[in-house]
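Dear colleague,

Please read them with the structure open beside you.

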Amino acid sequence: MDKFIIGSHQSFTKGFNGLYKSMKEQNGNTFQFFMRNPRGSKRKEFDREDADKLIENMQGEVPIMLVHAPYTLNPCSDKDYVKEFARDVLREDIERLEYFGKHLYNFHPGSHLGQGTEVGINIISDLLNEILHEDMHTTVLLETMAGKGTEIGRNFEELAMIIERVNLKDKLGICMDTCHIHEGGYDIVNDLDGVLEEFDKIIGLERLKAIHLNDSKNPIGAHKDRHEEIGKGHIGLEAIRRIINHEKLRALPFYLETPLDNEGHKIEIELLRSMRE
């Protein structure tokens, strides 16, 4: 039976081994974190000793980890200094993540702010063409979005358009957020197979590298992006059971971003493990 790779978003306040310790306390075997302040540009000095200890601890236990870009990033902004900030942060974070080997880096494609979807997609793909390079180990993930305002990535077609315009396509993947695609209008509750077939047709399931496992405070198609605790929202426990056990998804790493503390995530991980078939 394939390994259930499950963890939650962790605080980086206690360094790299603080991430590992929190993961173990929650009975997880992977984790997601921000490399820097999620709402600003500040990042910690790189502690090589701490990083090396994490690498040692992960051997044979943590197959993959995921770094999330700061929420403040808008790679397709209408302001040059905002785009430059996004470029610098992405480059710096990925360079630091490269130290750990083959792992994942996820970011929100951003909002075009009235420039138009086509313009926004071109800006994002140009940025990726500038940052991605042949010898990198990291796989960079575009996240599926709920479709608030002028967000790009509100549907599979927009993500496919970004990928199509990137030269090093083998360095790109997708992180599917269950709350986001539900609120974006995809019926993962009643037609998970159909949604995955559509994803495969438009993007290709081989590009799906991670799942943000979140319930939703809102009904399908709300386009608001409000995460809920597992089983307490409009997606519900039975749909989540199907997601974690689906033959096309079960081998992927799953990351909880539900509105809970570490103890709450421990309870959710225990629940999800009990549901794994």
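The second largest pocket is lined by H9, Q10, S11, F12, T13, F34, R36, N37, P38, K42, R43 and K44, where a pocket is an open set of points on a 1 Å grid over the protein atoms alone, fitting a 1.4 Å probe, with protein on both sides within 12 Å along at least five of seven lines, and lining residues have an atom within 4 Å of a point. Its lining divides into three nonpolar, five polar and four charged residues, and its volume is about 240 Å³, taken as the space filled by probe spheres set on the points.

This is a predicted model, in which local features need pLDDT of at least 70 and side-chain atom pairs count only at pLDDT 80 or more, while totals for chains, interfaces and linings use all residues. Residues are numbered from 1 along each chain as its sequence is written, and side-chain values use heavy atoms, with hydrogens and water left out.

The largest pocket has a volume of about 270 Å³, and of its 13 lining residues, Y71, H108, M145, K148 and E151 are the closest to its centre. By class, three residues of this lining are nonpolar, five are polar and five are charged.

With best wishes

Conventions:
Nonpolar A, V, L, I, M, F, W, Y, C, P; charged D, E, K, R; others polar.
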